[in-house]
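Please look at the sequence and the model before reading on.

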Amino acid sequence: MAVMKETDERFQYLSKKIGLFVLIAILGIAGIIVFIGIQRDVFTNKTKLYFISENGQGLNEGQAVKLSGFKIGKIEKLSLDDVAKVKVEISINTKYMKWIKTDSTIKLVKEGYIGDAVLEVTPGSVQAKQIPEGGYLNFQGAKSINEIIEELKDDIKPVLLDIKQIIHYINDPKGDVKQILGNVNKLSGDIQHTRELIDTMLKNTDKNLENTMKKTDTLLGSIKDTVDTTNTILKNVETKLPNMLDKVDKSLTDVQKITDDIKHTTSGAPVLMDKVTDITDDAKDITGAVKKTWPISSKIKIPEEKTIKVDSYE
Amino acid sequence: MNRIPFLHLILTYTRPLVLTIIFPLLFICPGCSTGPHQPSERQQIAIESNQRAENAYKKRNYIKALNHYMEALNISRSLENADSMGSNIVNIAYVYYRMGEREKSHTYADLIINKNPFEYSVRYLIDAMSIKALLYCDESNGKEASFWADKALNLCQGVSCREEGRIYNIRARASLLNKDIKAATEYAKKGLEINKKIDDVAEMGNSMRIMADIELMNKNYEASRGLYKDALLIDKSLELSDKMINDLLGIAVTFEKQGRPNEALPYYRRAISISEGMGNMEMEKSIREKIEKMQPQKNP
């Protein structure tokens with residue numbers, strides 16, 4: 001008995017069915033190509049603009065150009081001009097051109113600590129005209145680490161000089177502080193001497209009261225002198241100390257400002273570390289999941305604790 | 001009639017194929033996605049600590065190894081995982097033994113032997129008893145060493161035990177300490193036989209070295225040297241530097257005992273070179289002292 005019949009209903013219109021199938025496949029592929037093209041802005045009108053950079057560091061062909069966080073174009077070409085500067089050609093989606101003015105600038109910025117840098121275009125002023133096709137944008141290069149350090153150094157230098165001056169001022173043997181300290185020291189010595197005199201006087205009180213009275217007069221005179229000297233010194237301190245304290249205060253304010261700047265500059269580090277940790281955790285999770293998936297799981301040996309092999313002759 | 005038989009065959013058998021094979025597979029494969037039983041997250045941390053400890057131990061960083069084994073032990077204790085606890089306690093006892101911290105090593109080995117806080121697997125018990133025997137060997141206490149080695153051997157009888165050859169070696173060393181050369185020879189031979197059977201090359205080297213030591217004590221210098229040389233070959237192939245030094249020193253001593261210091265010297269020098277390579281200054285110094293003490297060979 002024949003297994004197949006030429007009149008089998010399933011083979012009716014077979015060629016048409018195959019044709020339809022192939023047509024749908026071709027249309028599907030074409031649709032995908034068009035979709036990818038749209039996604040990649042192949043069919044979008046573009047306008048070419050240029051800018052000149054001192055060097056090509058951080059610039060790559062295909063690098064995104066953004067305006068207020070929106071991708072509006074990319075770097076098309078990098079080339080060296082006659083004076084060995086880098087001429088960068090960028091293509092901008094024409095619909096975004098209305099925001100790019102003659103006074104717009106373009107700069108290289110990093111969106112995060114990890115990843116590529118992007119070019120950020122700043123919208124120009126309202127009064128300025130739209131930049132024409134083939135126009136040149138003003139490029140602001142990103143600050144290098146060396147430049148940041150140089151800036152920081154410039155900020156710190158005056159503060160250090162201030163502190164140096166203050167220390168010098170305090171240490172100067174002819175300076176006010178040293179003299180005040182010297183005078184206070186002398187005053188202590190005088191008071192000590194006065195006390196010794198009083199002690200002696202009190203011992204001899206019984207013997208020679210009159211003499212003692214005379215000595216007391218002298219002593220009181222001496223005390224008066226000493227008190228006068230003290231008053232002078234204190235007045236001196238009163239005059240000089242506020243100035244000195246102002247200087248110290250100013251320097252401390254500067255130090256505080258620099259500390260804040262440094263804090264601000266490095267504030268991204270913990271965030272970065274958190275991100276790295278998150279990424280590591282994610283990678284670990286993914287690896288873990290893959291390891292558990294058949295058939296990979298069957299190839300991966302489950303880790304186990306090992307006991308050191310005891311050796312009979314160690 | 002047979003215009004497109006192949007196509008017909010496919011169409012005829014596709015449905016049963018889908019129904020009988022592919023469709024059930026869709027239900028089976030989610031089951032396939034679960035691999036073998038994975039350790040819990042905390043046990044995983046204990047395993048990682050254990051592995052870090054093993055790496056440190058291999059690099060002879062015993063303090064670091066101890067810290068990691070302790071960490072692993074604490075985790076397994078908190079989970080009351082007896083197997084993991086047993087493994088880590090034995091490891092700690094052995095690392096202490098290698099560090100020369102005998103008392104601490106005894107303490108940890110006793111945890112297993114005294115079933116503290118519960119009974120451990122026999123293999124850990126055998127390991128703990130072996131460590132005790134080794135500790136007593138180091139203390140030159142042949143009697144206690146024999147006692148613990150015998151206990152370990154008894155335990156080995158009941159189970160399939162890969163450690164038997166190693167324990168016979170320890171027993172042989174204990175007998176040597178007891179000056180029972182005959183028993184030592186028997187145990188060492190038995191050890192060698194078992195180690196050969198289970199292909200435990202490192203322990204085969206140990207058996208040979210013990211036998212060489214026995215021959216040296218019996219003043220059979222040629223036989224002793226031959227055994228040391230065999231042991232050296234094994235130890236070199238396993239890159240066991242400490243044991244290589246022992247073998248070379250053994251060879252040198254056999255020559256020296258025969259009044260052939262000139263032939264002993266190259267072996268001493270090789271031992272010095274290995275000690276220098278290992279950074280073992282103490283060993284290097286002691287070998288140099290041996291050379292200095294060596295009597296110069298008289299010309300015939």
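## Chain B as a whole

Read along the sequence, chain B follows the pattern α-α-α-α-α-α-α-α-α-α-α-α-α-α. Its secondary structure comes to 14 helices and 0 strands. Helices (H or I, at least four residues) and strands (E, at least two) are DSSP runs, numbered from the N terminus.

The model is predicted: local features need pLDDT of at least 70 and side-chain atom pairs count only at pLDDT 80 or more, while totals for chains, interfaces and linings use all residues. Residues are numbered from 1 along each chain as its sequence is written, and chains are lettered from A and ligands numbered from 1 in the order in which they are written.

Of the 300 residues in chain B, 40% count as buried. A residue is buried if 20 or more other C-beta atoms lie within 10 Å of its own, exposed if 12 or fewer, and partly exposed in between, with C-beta atoms placed from the backbone. Among contacts in chain B between residues at least 6 apart in sequence, 48% join residues at least 24 apart. Two residues are in contact if their C-beta atoms, placed from the backbone, lie within 7 Å.

## Backbone exceptions

Most residues other than glycine have a negative phi, and most peptide bonds are trans. Which peptide bond is cis, with omega near 0°? The bond from Asn116(B) to Pro117(B) is. Pro117(B) sits in the loop of chain B between α5 (102–113) and α6 (122–138).

Arg60(B) is not a glycine, yet its phi is positive, about 65°. This residue belongs to the loop between α2 (41–58) and α3 (62–79) of chain B. Arg60(B) is exposed, with 12 other C-beta atoms within 10 Å. In chain A, Ser68(A) also has a positive phi, of about 50°, although it is not a glycine. Ser68(A) is found in the loop between β2 (64–67) and β3 (70–80) of chain A. Is Ser68(A) buried or exposed? Ser68(A) is exposed, with 11 other C-beta atoms within 10 Å.

## Strand pairing in chain A

Two strands pair if DSSP finds at least two bridges between them. In chain A, β2(A) pairs with strand β6 (residues 117–121) in the parallel sense, over 3 bridges. Here Lys66(A) stands opposite Glu120(A) in β6(A).

Strand β5 (residues 105–110) of chain A runs antiparallel to β6(A), and 5 bridges join them. The bridge partner of Lys107(A) in β6(A) is Glu120(A).
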